[in-house]
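This report goes through a helix pair, a pair of domains and a chain-to-chain contact in turn. The sequence and structure come next.

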Amino acid sequence: MKNIKKAILLAFIGAGLIAPVQAEEVHAIICGGEIRPADQVVFDAFEAKYSGVKVNAEAVPWGTCQDKSMTLAAAGDPVGLAYIGSRTLKQLGRSGLIVPVDISDEMQALYQPGVLATVSDGGQFWGYPHAFSTKALFINCGLVEAAGEACVAPRTWEGLYNMAKAVNDNTSAAGIGLAARDFDNTMHQFLNYLYSNGGTVSNADTGEITFNSPETVETLAFIGKLAGVAQEGPSGYERSQLTQLYNDGQIGMYINGPWGAGQHNDNIAEIVVPVPAGPSGSSGTLLITDSMAVFKGSANEDLAMELAQMMTSGEAQYDLDMSWGLTPILQYEKMRDDVYYSTDYWQTFVEPIGRGGPEPMFEDFKALQAGINGAIQGIILGDGSAADLVAEAAETLAEGL
Amino acid sequence: MFKPKTKAQTTTLFAWALIAPAALVMFWVVVWPLYETFRLSFTDSTLGTLMGGAEYVGWENYEKAIGGRKFPSIVTRTFYWMFLSVGLKVVLGLIGATLLASNIRGRGIFRALVMPPWIVPIAIGCFGWLWLYNGHFGLLSNFAEMAGITDGPYSFLAYKQSAFYSAVVTDVWIGTPMVTLFFLAAMQGVPRDLYEAAYVDGASRWYRFRRITMPQIMPTVISMALLSAIWTFNSFEIIWILTEGGPRGATTTLIIDTFKTAIFSYKFGAGATRAVLVCILLGVFSLIYLTVLGWVGKKYGYAGVQK
């Protein structure tokens with residue numbers, strides 16, 4: 001009996017000792033389903049710096065990741081930090097679930113143009129940008145040449161359409177791969193065209209919806225025109241499925257990020273060119289970031305903040321960008337002599353950054369996606385004129401701002 | 001402390017004690033969530049106010065939901081989806097049950113073969129259909145092309161009408177086995193002497209089915225149809241996995257709209273309003289359905305159909 005009492009006492013003492021150690025845990029949710037080696041290096045360094053602090057990094061697939069982070073926070077059990085799409089930051093910030101972060105002037109000067117606009121709302125930064133992408137047009141030269149065309153970069157939408165039509169009419173492949181399924185990358189594809197035609201979605205300063213404009217109508221009408229030379233049933237496809245079609249030689253070209261080359265079959269002779277310019281604009285790109293957001297009220301908010309800073313600065317960030325094959329999020333040439341993006345391939349993704357537009361920040365970011373994707377599907381399925389569909393989408397966007 | 005003084009009081013107390021655990025469970029599992037949903041539907045609850053701070057907004061959510069430009073089409077689509085799907089399930093279930101009830105060789109094997117769509121997890125079955133419906137890599141599209149029905153790939157889920165009817169087909173595929181088995185069980189309960197008497201009188205197969213089988217299994221058909229209607233009305237996974245309510249809302253039913261509002265956009269108040277509307281619409285439908293069938297049952301004397 002005496003021994004049992006002793007054992008119980010020891011168990012309580014043990015639990016008491018363990019409790020403070022458990023409190024020194026930083027819970028990080030990493031969207032994307034894997035912990036990148038570059039991030040793991042930072043976690044290890046962080047644990048070495050703070051003895052007794054454990055980084056509990058949980059990799060969650062994109063499909064459920066953001067919802068999980070948000071639901072945990074809303075339920076009063078927030079994680080320390082999460083790697084999530086920057087488009088969610090406005091909603092999280094305005095809901096009081098994340099804290100604003102401090103980015104030094106020195107660091108601000110290092111970010112690529114437009115990157116900080118993807119994490120800014122109300123004059124504050126709501127996350128540390130951690131992954132960045134721009135987009136370009138991948139063209140299968142084998143199919144273009146089989147169609148009797150020279151495989152050179154189309155500079156305008158007219159040139160793009162003519163090339164796609166030639167492939168469509170003269171080969172068994174579709175001219176272009178068009179994403180129109182209700183997915184975020186359908187909206188992203190559209191914004192690449194919109195920003196290459198001088199269009200905008202909203203005014204970040206005034207909060208006014210600027211989507212309903214002649215440039216947007218022109219862009220949507222062009223998407224409708226492209227559908228005529230695209231793969232059958234664009235509304236059933238999102239970007240990753242277009243990659244499969246591209247590898248299968250079933251589409252002549254499509255828009256993708258810098259990781260595209262690594263996903264394509266080696267036997268495809270391709271060129272990668274900037275998104276062609278629309279009649280009302282110049283070649284541009286969509287600037288998308290994912291960020292490290294620090295949640296309010298977690299046990300170790302300060303530690304989480306420091307970990308987020310470590311992950312997103314200096315060599316740690318460079319290693320991530322380089323190993324992952326992302327558009328450089330910082331102007332690393334200001335920090336080091338050799339950079340991984342000095343090749344022509346990379347310049348196609350780096351050069352348009354200054355002319356790019358950010359992924360808009362909406363409080364209800366799902367409304368943004370629903371509005372734009374609804375218009376895209378509408379023009380493809382023949383549900384109305386481009387002007388009517390843009391006006392309808394602008395109404396939906398206004399509800400979500 | 002209350003002490004029972006009579007035997008009747010003791011019995012009453014004992015009865016309450018017996019049902020108390022079940023009543024408590026019912027309260028936590030059914031009553032409280034229903035009350036919370038109802039309460040939430042009158043608030044502006046969102047992600048930021050989930051832990052407190054949501055304000056009472058009166059009928060605003062209901063006005064917005066019912067007055068929304070998409071609401072009438074969503075309600076119409078939901079009822080059309082339900083009637084079409086349930087109608088097909090009942091008809092196919094009756095045909096299947098009749099075939100399985102007939103005296104043929106290998107009947108047991110056929111009965112077992114009916115089960116897989118119901119046994120396979122819905123998500124797995126839907127992923128299979130997702131592949132079948134794919135335009136470039138799907139089996140159906142390739143068969144149609146080989147048979148000369150189409151002159152190229154056809155993505156069944158990429159167009160509004162074909163996406164809707166594809167979802168109906170999948171729902172019927174998943175829901176029919178259970179309906180079939182219920183009908184089969186009911187058919188096996190029909191007294192054999194009724195068939196024998198009719199047979200001796202020279203009644204045809206069709207006449208026996210119409211005048212003996214159908215009236216005898218009608219209570220099961222009615223109950224099953226009502227249950228199936230409620231399940232189909234609230235069917236979520238099938239549509240969500242196949243189309244997520246698209247393209248362009250062509251497969252968005254009330255339950256999909258509720259999910260998108262409450263969970264996808266974190267508008268819990270507006271989402272709860274839609275959930276309450278679903279309950280009301282289903283309640284009204286059930287009431288009308290049972291009233292009409294009660295009247296039909298009385299008039300035509302179907303066994304077991306009572307108001």
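## Helix packing, domains and chain contact

In this predicted model, the axes of helix 9 (residues 214-227) of chain A and helix 16 (residues 386-400) of chain A come within 9 Å and cross at roughly 120°. Axes are lines fitted to C-alpha atoms, for helices over the stretch in contact, and angles run from 0 to 180 degrees between N-to-C directions. Helices are DSSP runs (H or I, at least four residues), numbered from the N terminus. Helix 9 of chain A and helix 16 of chain A are therefore oblique to each other; angles under 35 degrees count as roughly parallel, over 145 as roughly antiparallel, 65 to 115 as roughly perpendicular and the rest as oblique.

Helix 9 of chain A contributes A:Thr216, A:Val217, A:Leu220, A:Ala221 and A:Gly224 to the contact, and helix 16 of chain A contributes A:Ala386, A:Ala387, A:Leu389 and A:Val390. Two residues are in contact if their C-beta atoms, placed from the backbone, lie within 7 Å. By class, the residues of this helix contact are 7 nonpolar, 2 polar and no charged. Ala, Val, Leu, Ile, Met, Phe, Trp, Tyr, Cys and Pro count as nonpolar, Asp, Glu, Lys and Arg as charged, and the others, Gly among them, as polar.

| Domain of chain A | Residues |
|---|---|
| Domain 1 | 2-133 + 288-357 |
| Domain 2 | 136-284 + 362-400 |

The C-alpha centres of domain 1 and domain 2 of chain A lie 31 Å apart. Their contact takes 19 residues from domain 1 of chain A and 21 residues from domain 2 of chain A. On the domain 1 side, helix 4 (89-94) and helix 14 (344-350) of chain A are the elements that give two or more residues. Helix 14 of chain A supplies the largest share of that side, 4 residues. The domain 1 side has 7 nonpolar, 8 polar and 4 charged residues.

Between the chains, the contact takes 21 residues from chain B and 23 residues from chain A. The chain B side divides into 10 nonpolar, 8 polar and 3 charged residues.

The model scores ipTM 0.81 and pTM 0.85. Over residues 303-307 of chain B, pLDDT stays under 50.

Residues are numbered from 1 along each chain as its sequence is written, and chains are lettered from A and ligands numbered from 1 in the order in which they are written. In this predicted model, local features need pLDDT of at least 70 and side-chain atom pairs count only at pLDDT 80 or more, while totals for chains, interfaces and linings use all residues.

Key:
pLDDT is the predictor's confidence in each residue, from 0 to 100. Domain bounds come from an automatic or database domain assignment.
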